[in-house]
Structure formats: C-alpha cells, structure tokens
Amino acid sequence: MEQRFDARPAAARTEHDEAELIGRVATGDRRAFETLYRAYHPRLARFLQRMTRSAPLIEEIVNDTLLVVWRKAATFNGSSKVSTWIFAIAYRRACKSLQALDEPVDAGSDEREGIEADRPDWQLAQLQLTGAVHAALAQLPLAQRTAFQLTFYHDMSYTEIAEIMECPVNTIKTRLFHARKRLAVLLEGQIEVRS
C-alpha cells in the first residue's frame with residue numbers, strides 16, 4: 001500500500017484532526033470523545049489551576065466543560081479552532097463557578113516544603129523563582145491573569161484569546177500590557193539577569 005505524505009504543517013494537521021474528532025463526537029462516537037477528553041483534560045486542568053487554585057473545583061469545571069463539548073459538538077461550526085472553542089467553554093464555566101463562590105479564591109501557595117539540603121543551589125533558585133512567579137500571577141486581576149496565561153502558557157493568539165474571553169482584541173492587548181507592567185513590579189529584584 002502506498003504511503004501518502006501529508007504536506008500540511010503539524011499544527012494544521014492537529015487542527016484538522018481535532019475538527020474531525022468533534023464531527024465524530026457530534027455523531028455520538030464515544031471513542032472520539034475519549035480521545036478528545038484525554039487530549040484536553042490535562043490542558044484544561046493547567047489552565048484552570050491558575051484561575052481557581054481549587055483542585056475539586058478544577059475537576060468539576062473540566063468535567064462540566066467536556067460534558068458541554070459532548071452535548072454541543074454538533075454546534076461547532078469551524079469558525080474557530082477546536083481548542084479556542086473548548087477553552088472558551090472552560091473560561092465561561094470557570095467565571096460562573098468563581099462568581100458563585102462565597103469565599104475569595106485562595107491565591108494558593110506552591111508548597112515546596114521539605115526541599116532536600118543536597119539539591120544544587122540553582123534548583124533551589126528555580127523553585128523560588130517559580131513560586132515568586134506563581135505568587136505574582138495570583139495577584140493579577142482574573143482577566144489579566146487569564147489573558148497572560150493563555151498567551152504564555154497555551155501559546156494562543158490575541159484573536160483566539162479575545163474570542164475565548166468574549167471581548168475585543170484591543171482589550172486583550174491592554175490586559176496583557178497591564179499584566180506585564182504589574183508583573184515587572186511584583187518580580188522586581190527576584191529575577192537575576194545573567195549575561
């Protein structure tokens with residue numbers, strides 16, 4: 001059998017494959033949904049972890065999001081990437097869940113207790129820097145934090161983020177500008193510039 005070469009870039013193949021999966025999910029294909037679930041569960045959990053800091057709430061939102069994907073797959077019209085559509089559902093679910101909470105969202109702590117004394121100094125410095133970055137991100141308003149993490153942790157474009165957050169692209173640019181400015185202040189003196 002002759003093997004065909006797919007000249008599309010890997011990202012395009014993935015988007016096409018995900019669109020095909022959504023089409024199969026729309027017809028009730030449980031295996032396609034399982035594949036989509038396995039691909040998106042960890043990505044959504046990472047995304048939501050920075051929004052909510054609550055493991056039970058994260059699991060609930062991820063499952064609610066993927067349940068919506070299962071039920072509404074037939075409504076996906078291909079006007080955006082599958083990932084944008086799914087992250088938008090997760091974002092809206094998270095916002096609703098956070099609004100329903102009676103208590104403020106815990107900024108969380110990156111509990112890195114018990115660091116062994118024999119670890120190299122640079123590892124300790126990395127752990128401290130990671131903790132400082134997470135703490136600084138937690139101090140940003142939710143909209144800025146979300147825009148920042150979608151840009152830097154999920155490599156999404158301004159247009160995709162604007163679609164997810166249901167606002168103009170210029171609003172996303174403004175949120176990112178203010179997020180970077182605030183992070184620079186919060187992290188001042190904590191990041192060494194090495195030459």
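How many residues of helix 6 are buried? I worked from a predicted model throughout. In it, 8 of the 11 residues of helix 6 are buried, and I noted the helix as mostly covered. I listed the buried residues as Gln144, Arg145, Thr146, Ala147, Phe148, Gln149, Leu150 and Thr151.

Entry on helix packing. I next looked up how helix 6, residues 142–152, lies against helix 8, residues 169–186. The two pack at an angle of about 95 degrees, and their axes are 9 Å apart. Angles from 65 to 115 degrees count as roughly perpendicular, and helix 6 and helix 8 are therefore described as roughly perpendicular to each other.

I then listed the residues that meet. Helix 6 contributes Ala143, Gln144, Ala147, Phe148, Thr151 and Phe152, while helix 8 contributes Arg175, Leu176, His178, Ala179, Arg180 and Leu183. Sorted by class, this contact has 7 nonpolar, 3 polar and 2 charged residues. Among the contact residues of helix 6, I found Gln144, Ala147, Phe148 and Thr151 recorded as buried.

Entry on salt bridges. I searched the whole structure and found 4 salt bridges.

I noted Arg38 as exposed, at 60% relative accessible area, and Glu34 as partly exposed, at 39%.

Glu160 and Lys81 form another salt bridge, the closest N and O atoms being 2.7 Å apart. This pair links distant parts of the chain, 79 residues apart: Glu160 is in helix 7 (residues 158–165), and Lys81 is in the loop between helix 3 (55–72) and helix 4 (82–100). Glu160 is buried, with a relative accessible area of 12%, whereas Lys81 is partly exposed, at 30%.

Which parts of the chain does the pair Glu166 and Arg92 tie together? Their side chains meet in a salt bridge at 3.3 Å, N to O. Because Glu166 lies in the loop between helix 7 and helix 8 and Arg92 lies in helix 4, the pair ties together parts that are 74 residues apart in sequence. I recorded Glu166 as exposed, at 57% relative accessibility, and Arg92 as partly exposed, at 31%.

Terms used
Residues are numbered from 1 along each chain as its sequence is written. This is a predicted model: local features need pLDDT of at least 70, side-chain atom pairs count only at pLDDT 80 or more; totals for chains, interfaces and linings use all residues. Side-chain values use heavy atoms; hydrogens and water are left out. Axes are lines fitted to C-alpha atoms, for helices over the stretch in contact, and angles run from 0 to 180 degrees between N-to-C directions. Helices (H or I, at least four residues) and strands (E, at least two) are DSSP runs, numbered from the N terminus. Angles under 35 degrees count as roughly parallel, over 145 as roughly antiparallel, 65 to 115 as roughly perpendicular and the rest as oblique. Contact means heavy atoms within 4.5 Å. Ala, Val, Leu, Ile, Met, Phe, Trp, Tyr, Cys and Pro count as nonpolar, Asp, Glu, Lys and Arg as charged, and the others, Gly among them, as polar. Buried means under 20% relative accessible area, exposed over 50%, partly exposed in between (1.4 Å probe, protein chains only).
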